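I opened my notebook to record what I looked up in this structure. The entries follow in the order I made them.

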Amino acid sequence: MTEHITFPGDIRTRLQDPDLFREAALIDGTWVTRADMAVINPATNAPLGHMPDCTADEAQAAITAAAVAMVEWKALTHAQRADILLVWYQLMLDHADDLALILTAEQGKPLAEARGEILYGASFVRWFAEEARRVNGAIIPSPVPGKKIFAMKEPVGVCAIITPWNFPNAMITRKVAPGLAAGCTMVIKPSDFTPYSALALGVLAERAGIPKGVLNILTGRPEKIGSALTSSPVVRKLSFTGSTRVGALLAEQCAPTLKKMSLELGGNAPFIVFDDADLDAAVEGAMASKFRNGGQTCVCANRILVQSGIHDAFVAALADRVNALHVGPGLDPNAAIGPMINAAAIAKITAHVEDALAKGAVRATAPRDLPDGYADPVVLTGATPQMRLASEETFGPVAPIFKFETEAQALSIANGTPFGLAAYFFTTDMARAFRFGEALEVGLVGLNTGAVSHAEAPFGGVKSSGLGREGAQEGIEEYLETKAFHFGGL
Ligand code: SIN
């Protein structure tokens, strides 16, 4: 692979604004620079840079700074906070190319997709800047004379935000923007695989005029920072995106201090194609849902259920599309799928494919020889519930096809999992569209579409996929408490 597409040397030399790349933590307006840990570029497996491994004391300092800063931040009007957020939004657009380059360098996704994530991430800032001005309370009719009751909305307090590596920009803005709009202050712990996108957002936040201490960013290993955040009585809310296992652990750790929690956790999305589906639309939807970010999203189709009448045509068309996908470093303009995040991801993907093949699945795509760090996008037919990929999230570019006969059978397979994040189905029968969509036990339904992520729409799951909703009007409610204010003697 040529140097041009693999980032040797210092990434700063590729940025229009090298100051956006910080190897530091941000605590109370001070950039704390230390090279305790390396961050690896997944396209080269070489260090991209370093970062501090923040201590529990530093986490405590960030919490204290956020508590102090909240006094003034909360006192601003909603319109003032909205104006600052809109400046931050505009800076994200102005620096979209650099932000995308940093994102690709640390996460691996193709540059065009990274740019798409920057715009997606920025859209949450704009949306919640607009929503800030609609944090309305209510006047409640009093049951007794001479009294009025107001329901007032107040910011919940200092928030801890723990974000994943698969969307290093957008998962931060989706949580931080509603929190800031509501009047909360933030301590952010980005994934130790992808800290630089978060830090670049921190630089732009300072430039936008977000005061010191309002937004703090702690880099490093998750355990000690996580436990400082979860055990602190000052932190009143925790929002986490990641695995169900870690989400449950965080909930346990937050229980003694009874924090408000938003948990956006694992999925096992079914993608169902009925005989009456528009074949082209279904294949297009499967490509979008399955192969976005190389299959490393929590809403990715994990199980593709195809009715027997359309099965062979769907498999042939999907396999053609998958065979045509170019796999390569994110800077290669032809790349549709970049490297996976790390060796553990590759090991899980490989284990799922090998297990399925050993249990009778058949490969419908041509195998390819790829360098270390890359996963072969594959369509497998003959998938069954006994295979690991039926019950575990693969988080990679593996499309297992399960054949089914009846709608009832499809529903039972779709709902037969502890998870309930996203589900997709393709049909042209409108009665079935409502009947089936309403029967799915998930938080997000894509009917005749493979895309379910927009700032305007509520995002979140049921069952083991989490608690709460992000985006939409609901997103800001997660950062608000309601105070009932009773006025007597009137
Ligand atoms: C995720 O995978 O955690 C989020 C995906 C999205 O926002 O679409």
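Entry one. I am working from a predicted model. I began with the cavities and found that the largest cavity is the space taken by the ligand.

Entry two. Which residues are closest to the ligand? I counted 13 residues around the ligand, and the closest are Tyr120, Arg174, Arg292, Cys298 and Ser453. I then sorted this shell by class and got 6 nonpolar, 4 polar and 3 charged residues.

I looked up distances from side chains to oxygen atoms of the ligand. For serine 453, an N or O atom of the side chain is 2.4 Å from a ligand oxygen. For tyrosine 120, a polar side-chain atom lies 2.7 Å from an oxygen atom of the ligand. For asparagine 166, I noted 3.1 Å between a side-chain N or O atom and a ligand oxygen. How much of the ligand's area does the protein bury? The ligand taken alone exposes 260 Å², and the protein buries 100% of that.

I turned to the protein chain as a whole and noted 15 helices and 22 strands. Its C-alpha trace spans about 75 × 65 × 40 Å along the principal axes.

Why look at the radius of gyration of the protein chain? A compact globule with 490 residues would have a radius of gyration near 23 Å, and the protein chain has 23 Å, so the chain agrees with what a compact globule would have.

Terms used:
Residues numbered from 1 in each chain as written. Predicted model: local features only at pLDDT ≥ 70, side-chain atom pairs only at ≥ 80, totals over all residues. Heavy atoms only, no water. Near = heavy atom within 4 Å. Polar contact = N/O pair within 3.5 Å; in protein donor to acceptor, adjacent residues only side chain to side chain. Areas by Shrake-Rupley, 256 points an atom, 1.4 Å probe, with all protein chains shown as cover. 1 Å grid on protein atoms, 1.4 Å probe; cavity = no way out; pocket = protein on both sides within 12 Å on 5 of 7 lines; lining within 4 Å. Sits in = over half its atoms within 2 Å of the grid points. Nonpolar A, V, L, I, M, F, W, Y, C, P; charged D, E, K, R; others polar. Helix = DSSP H or I, 4+ residues; strand = E, 2+ residues; numbered from the N terminus. Rg over C-alpha atoms; globule rule 2.2 N^0.38 Å.
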